[in-house]
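Here's a quick tour for anyone opening this model for the first time. Have the sequence and the 3D view side by side, and take the topics one by one.

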Amino acid sequence: MGLNHTLDAYDHKILALLQDNARMSMSEVGRRIHLTSPAVSERVKRLEEANIIQGYAARVNLRAIGYSFEAFINVIVDSHDLLDAWALQRSEVLALHSTTGTHCALLRIAARSPEHLQEVIAALGKIGKTTSTIVLSSQFEDRARVPGAVDGSPVKRR
């Protein structure tokens with residue numbers, strides 16, 4: 001199994017349910033999709049081994065831990081290695097994407113204040129040219145990456 005693993009309707013339903021609630025028990029997943037708990041567990045294990053399920057994580061409310069807003073920073077750098085090293089040292093970097101087009105990378109940043117964002121931009125400006133955008137609101141942050149059924153229809157949830 002690997003990147004060519006074919007997902008069937010049950011796999012899609014399992015993925016949709018676990019994306020919605022990764023703490024859902026295998027027996028509850030099975031109840032909702034009409035499979036036994038051992039059958040669900042075996043399918044989840046295969047999805048993990050195929051690297052389709054890459055891990056489980058908690059969603060953290062950034063405001064609750066002191067970050068007031070998010071920003072995106074486009075950057076042009078000469079060295080992606082230098083940018084990667086810089087980003088690894090900065091806890092406010094939520095994501096770093098290599099991109100095509102005018103800029104070479106896009107960073108998603110959590111900021112405590114406008115002054116904090118200004119400090120981040122100044123530090124990043126030492127290794128590249130930046131343009132930034134403050135996020136006013138976000139939609140679809142937790143959108144499932146795989147639809148619940150092969151036809152794209154949602155899994156019935158309570």
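Helix 1 gives the lining of the largest pocket its largest share, four residues. Keep in mind as you look around that this is a predicted model.

**The largest pocket**

- The space inside the largest pocket comes to about 1700 Å³.
- Helix 1, strand 1 and strand 2 are the elements that give two or more residues to the lining of this pocket.
- In total, 40 residues line the largest pocket. To find its centre, look for A57, R59, E141, D142 and R145, the lining residues that lie nearest to it.

**Helix 1 against helix 3**

- Helix 1 takes up residues 9–20 and helix 3 takes up residues 37–49. Their axes sit 11 Å apart, and the two pack at an angle of about 85°.
- Angles of 65 to 115 degrees count as roughly perpendicular, so helix 1 is roughly perpendicular to helix 3.
- On the helix 1 side, the contact uses Y10, D11, I14, L15 and L18. Helix 3 answers with V40, R43, V44 and L47.
- Sorted by class, this contact of helix 1 with helix 3 has seven nonpolar and two charged residues, with no polar ones.

**Helix 2 against helix 3**

- Helix 2 (residues 26–33) packs on helix 3 too, at an angle of about 105° and with the axes 8 Å apart.
- That angle makes helix 2 roughly perpendicular to helix 3.
- Here M26, S27, V29, G30 and I33 of helix 2 touch S37, V40, S41 and V44 of helix 3.
- By class, the contact of helix 2 with helix 3 has five nonpolar and four polar residues, and no charged ones.
- V40 and V44 of helix 3 turn up in the contact with helix 1 and again in the contact with helix 2.

- In general, strands of a sheet pair through backbone hydrogen bonds.
- Strand 1 (residues 69–77) and strand 3 (residues 105–111) run antiparallel and are joined by seven bridges. In this pairing, F69 stands opposite A111 of strand 3.
- Strand 1 is also joined to strand 4 (residues 128–134) by seven bridges, again antiparallel. Look for I73, which stands opposite S132 in strand 4.
- Strand 2 and strand 3 run antiparallel with five bridges between them. L96 has L107 in strand 3 as its bridge partner.

**Helices across the strands**

Key: Residues numbered from 1 in each chain as written. Predicted model: local features only at pLDDT ≥ 70, side-chain atom pairs only at ≥ 80, totals over all residues. Heavy atoms only, no water. Pairing = 2+ DSSP bridges. Axes fitted to C-alpha atoms, helices over the stretch in contact; angles between N-to-C directions. Parallel < 35°, antiparallel > 145°, perpendicular 65-115°, else oblique. Contact = heavy atoms within 4.5 Å. Nonpolar A, V, L, I, M, F, W, Y, C, P; charged D, E, K, R; others polar. 1 Å grid on protein atoms, 1.4 Å probe; cavity = no way out; pocket = protein on both sides within 12 Å on 5 of 7 lines; lining within 4 Å. Points joined across faces, edges and corners; volume = space filled by probe spheres on them.
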